[in-house]
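I opened a new page for this one. My plan was to look at the contact between chains, then at one chain alone.

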Amino acid sequence: MIETIYIERGIIEHTRTQEVCARFPRAQRIVCDRYGEIFNLRRQNFRLQKSNPALIIATKHAGHVLKVPQGYGVGGEHNYYFSHMLNCLYDCRYCFLQGMFRSAHYVLFVNYEDFEQAMDNTLTRHDDHVCWFFSGYDCDSLVLEPVTGFVQHILTFFAARPQAWLELRTKSTQIRSLLNNAPLNNVVIAFSFTPQAISASLEHKTPSVSKRIDAMCRLQAAGWKVGLRFDPLIYADEYKTQYQELFVNIFSRLQASNLHSVSLGAFRLPPDYHRNIVKLYPDEPLFAGPLLEHSGMVSYSTELEHAMLEFCTAELMKYIDPDIFYPCTQAA
Amino acid sequence: MINIVVALPAEARSLIRAFNLKSSNTHSLFKVYTGEAITLVISGVGKINSAAACVYLYSITGESEHMAWLNVGIAGHAHSVVGEGFLATKITDVATSSSWYPSRLLTTGITADALITVDLPQNDYPDDSMCDMEASGFYAMASKMTTCELIQIYKVISDNRQHDAHEITASRVEQLIADRLPELSELMARLSTVCDELKAFNAEPDEIKEFIREWHFSVTQRHRLKRLIACCKLRSPDGSMNIASLMHLKNSREVLKHLEKHIERLPVCFPGRPAGADHIV
């Protein structure tokens with residue numbers, strides 16, 4: 001439950017601001033000039049705030065659509081990401097947001113039309129060739145959909161632009177807005193997974209693996225394109241059995257032949273993010289694991305990373321067509 | 001540990017009595033009162049005095065970042081009832097137009113409103129804010145000393161359009177604060193709990209004392225040792241570590257190397273943890 005809402009002065013009267021506030025009638029509303037006054041403060045404690053984050057309703061003025069890091073994508077040539085929100089309802093201990101942002105408050109940018117304009121500009125720049133737009137980089141794409149209505153809004157945009165592809169990355173089962181719409185050929189709902197034991201330990205407040213698979217099945221049955229994301233791969237002594245069981249669990253229920261894409265990626269954090277997170281969570285077993293700083297990243301050793309990627313790739317190939325497999329090779 | 005900054009002796013008196021604070025004769029720059037887990041300073045009127053008193057209190061209480069900071073005092077308001085208590089949600093310094101937003105994380109259930117800080121006493125009240133002369137100086141300085149979740153401003157309405165500021169007397173101020181002590185005590189208890197947890201959370205593990213008794217560690221090595229002990233305990237199946245087995249090692253470098261090797265051999269697994277175990281509050 002949101003108990004405090006900060007609102008940028010310039011959008012107090014915005015329809016979406018009013019709609020969001022109406023969902024939390026008991027929340028204290030506080031007017032600010034710019035969201036950075038609260039979100040970017042130097043001395044704040046992400047871990048403390050995560051126990052009860054406030055909502056900040058803001059306008060995004062620049063950088064609505066950004067190029068993805070190298071190696072990120074599912075086969076497209078022109079890849080961009082965008083974030084209509086910063087921070088996430090979930091609390092995954094491996095998430096880089098904990099190390100990147102000082103605040104755990106949720107920021108919602110309500111100027112959806114400016115994101116669409118930026119996407120249109122991007123499409124024009126690429127002469128209307130296929131462009132991918134990834135959502136879910138700085139937030140979960142679906143978890144706050146009942147509050148934001150963002151996906152419902154943006155589906156109309158993508159319905160009219162077949163050359164623009166959208167990936168909604170999520171762990172959420174909030175799929176009602178998708179199921180209420182006819183499936184779009186250029187929209188992929190990509191679900192992230194770790195094995196259940198790891199998920200139970202590291203992915204706090206998320207739906208169980210089983211519930212995520214349920215949501216994927218319902219979307220698939222309704223004709224939506226779905227994808228699987230095993231990124232990051234998390235090491236445990238039992239990782240082979242754990243990932244094998246996860247894959248059996250998923251592919252015994254999903255139609256593998258009807259999947260849009262499958263990707264996996266190694267666990268990596270920039271060293272300063274890693275330092276910040278360890279300082280916040282010194283009691284977290286994940287960071288007591290076999291992590292090393294090398295090549296400008298904190299990750300598992302090259303040998304271990306290769307072994308995990310190789311093993312999981314081989315296991316996945318038992319179920320999927322190699323043509324839909326996209327290992328993530330990004331550096332960050 | 002809570003540091004309280006008040007402007008006037010009359011604002012301090014009820015707090016001194018309620019929390020059994022004793023005058024500290026060793027401090028001459030500002031009048032200071034101390035108790036078991038509370039230190040109170042009387043700053044004098046105005047934001048500069050308030051900021052200066054924060055710095056003073058910070059220096060005499062050990063410059064710890066795990067302390068809560070609370071500004072308690074009276075404020076005017078156009079229409080709020082005299083005697084009502086409010087936390088500040090937003091502080092605006094009228095002279096500079098700068099604003100600060102105290103965290104609402106630990107203050108659920110306590111009424112809150114915006115607050116403006118002015119340089120001179122006002123006869124005119126803004127429509128939608130409390131009005132005082134200290135908060136901006138207090139907050140600007142306290143926010144350099146600890147995390148924003150541990151800094152709060154609590155004001156009791158002393159005057160409004162019906163009850164002029166000239167009616168305020170020292171005994172009236174003392175009574176206004178006294179009447180709000182139950183709410184203030186609850187706020188202080190919440191702040192204190194989180195302070196204690198943060199302090200315990202960041203404390204060096206008990207085992208480190210034994211290591212330091214046996215070997216000499218540089219400051220950098222000590223940081224590394226602290227982390228290795230934590231990793232060792234997190235990955236040991238029973239959460240323990242056996243220091244006796246290290247006694248044959250000659251120096252700190254060997255100890256750190258040994259611990260690193262030892263940790264590599266420990267299992268990596270993720271036991272499920274109870275819901276909420278990850279949160280401090």
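**Entry: the model.** I am working from a predicted model.

**Entry: extent of the contact.** I looked up who takes part. Chain A gives 45 residues to the contact, and chain B gives 36 residues. I then checked the area. The two chains, A and B, bury about 3400 Å² between them. Carbon and sulfur atoms account for 54% of that area. On the side of chain A, the most area is lost to chain B by Arg43(A), Arg47(A) and Leu48(A). Together these three make up 22% of what that side buries.

Entry: I searched for salt bridges across the interface of chain A and chain B and got 1. Arg43(A) forms a salt bridge with Glu65(B), side chain to side chain, at 3.3 Å from N to O. Arg43(A) is also on my list of residues losing the most area. I found 14 residue pairs in polar contact across the interface, both residues at pLDDT 80 or more.

**Entry: what chain A presents.** I listed elements that each supply at least two residues to the side touching chain B. Among them are strands E1 (4–8) and E2 (28–32), and helices H3 (46–50) and H12 (271–280) of chain A. By type, I count 22 nonpolar, 10 polar and 13 charged residues on that side.

Entry: I noted 8 helices and 10 strands in chain B. Its radius of gyration is 24 Å, whereas a compact globule of 281 residues would have one near 19 Å. The C-alpha trace of chain B spans about 75 × 45 × 35 Å along its principal axes. Of the 281 residues in chain B, 52% are buried.

Technical notes: Residues are numbered from 1 along each chain as its sequence is written. Chains are lettered from A and ligands numbered from 1 in the order in which they are written. This is a predicted model: local features need pLDDT of at least 70, side-chain atom pairs count only at pLDDT 80 or more; totals for chains, interfaces and linings use all residues. Side-chain values use heavy atoms; hydrogens and water are left out. Contact means heavy atoms within 4.5 Å. Buried area is the accessible area (1.4 Å probe) that two parts lose on being put together, summed over both. A salt bridge is a side-chain nitrogen of Lys or Arg within 4 Å of a carboxyl oxygen of Asp or Glu. A polar contact is a pair of N or O atoms within 3.5 Å; within protein, one must be able to donate a hydrogen and the other to accept it, and residues adjacent in sequence count only if both atoms are side-chain atoms. Helices (H or I, at least four residues) and strands (E, at least two) are DSSP runs, numbered from the N terminus. Ala, Val, Leu, Ile, Met, Phe, Trp, Tyr, Cys and Pro count as nonpolar, Asp, Glu, Lys and Arg as charged, and the others, Gly among them, as polar. The radius of gyration is taken over C-alpha atoms; the globule rule is 2.2 Å times the number of residues to the power 0.38. Buried means under 20% relative accessible area, exposed over 50%, partly exposed in between (1.4 Å probe, protein chains only).
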